[in-house]
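Colleague: Please guide me through the reading of this structure, one feature at a time.

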Amino acid sequence: MNAMELREQIYQASLPLLQGRMVTDLVVGLSLLAVELDEKDLGVGYVLRDDLGGGCSIFPYARKTVGMSAVDAGRWFVTGGDDVQRAIGGAVINAASTVLPLVDSDSQEHPFDLTLRPDNTIGMVGMVRPVVMRLHNFGCKWYIFDRGKCAQGNISQDIYPMEQQRELLGQCDVVFLSGTTTVNGTVSDLLEMAQNAREVVLIGSSVPMIPAGFAGTNVSVLAGSWWRHEDKPEIFRLISQASGMMTLGRYMVKKNVRIRS
């Protein structure tokens, strides 16, 4: 299944949640974006800037989003012409997902519902430092890949060159993939690289929290987030001021859902 086919499957699984709903607000910042549905449910996603074009007024669709049906805006997750448009579609889907009875499976002994041993190797695509720090005491070996940090020449002991992804992810017992991989189209190749892993965790605010959308894949855990509507004024204000997830973290409702044994 390629990336577009997976996005289509996720979108189709979300359609019953999108029917009859409308986008009532949108904010797009430098690091994050957020949408509101029916003045009550929020969805937040990352803004992937690396592959966006230059120039003025290159996102005309953003101004048209407010007032769109959630069915049409959510469709952008599949058909969007750039990473921002697809991210808006994903945020719409996530906002709609908040009505699902998703049971959180995270615990101190089994973070992300994982059973970890010191002899395990963990792969991570897209550096999420709080996760690395949380799992540090388990004593696992790490292979971390982060295109941004590699481009900056920021190669630490655990951050490896991108060209080694295929070789090293194939040696991992557990693999964390950023939810943004569903937006930028890299998810299918990465899931294929991680086919030997016993656990694949999609992590981050951009993870589509639609378990049925991942049927037939090797994704085992969705570790995403929901957002309380009462915090909307501050969430939208901070995003408009180019804040990132470290600043917005206090408003996040973390969701960790096992979808495959």
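Colleague: Which residues touch the most other members of the largest nonpolar core?

Modeller: In soluble globular proteins, nonpolar side chains tend to be buried together. Here the largest nonpolar core has 57 residues, and L18, I88, V92, L169 and L177 touch the most other members. Helix α4, residues 83-97, gives the most to this core, namely eight residues. Another core lies apart from it, with 19 residues, including L114, M127, C140 and I159. A nonpolar core is a set of buried Ala, Val, Leu, Ile, Met, Phe, Trp, Tyr and Cys residues joined through side-chain atoms within 4.5 Å. Helices (H or I, at least four residues) and strands (E, at least two) are DSSP runs numbered from the N terminus.

This is a predicted model, in which local features need pLDDT of at least 70 and side-chain atom pairs count only at pLDDT 80 or more, while totals for chains, interfaces and linings use all residues. Residues are numbered from 1 along each chain as its sequence is written, and side-chain values use heavy atoms, with hydrogens and water left out.

Colleague: With which residues is L177 in contact, leaving aside its neighbours within four places in sequence?

Modeller: L177 is in contact (heavy atoms within 4.5 Å) with V125, L190, L191, V200, V201, L202 and I203.

Colleague: Is Q85 buried or exposed?

Modeller: Q85, which has its place in helix α4, is buried because its relative accessible area is 11%; buried means under 20%, exposed over 50% and partly exposed in between (1.4 Å probe, protein chains only). Not counting residues up to four places away in sequence, Q85 touches Y61, W76 and G80.

Colleague: In what order do the six strands of the open sheet stand?

Modeller: The order is β5-β4-β6-β7-β8-β9, with mixed pairing; two strands pair if DSSP finds at least two bridges between them. The edge strands, β5 (141-145) and β9 (252-258), each pair on one side only. Strand β8, residues 221-227, pairs with β9 in the antiparallel sense over seven bridges, and S225 stands opposite K254 in β9.

Colleague: Which residues lie nearest the centre of the second largest pocket?

Modeller: Of the twelve residues that line the second largest pocket, V132, H136, W142, I144 and D158 lie nearest its centre. A pocket, on a 1 Å grid over the protein atoms alone, is an open set of points where a 1.4 Å probe fits, with protein on both sides within 12 Å along at least five of seven lines; lining residues have an atom within 4 Å of a point. Helix α5 (129-135) and strand β5 each give two or more residues to this lining, and α5 gives the most, with three.
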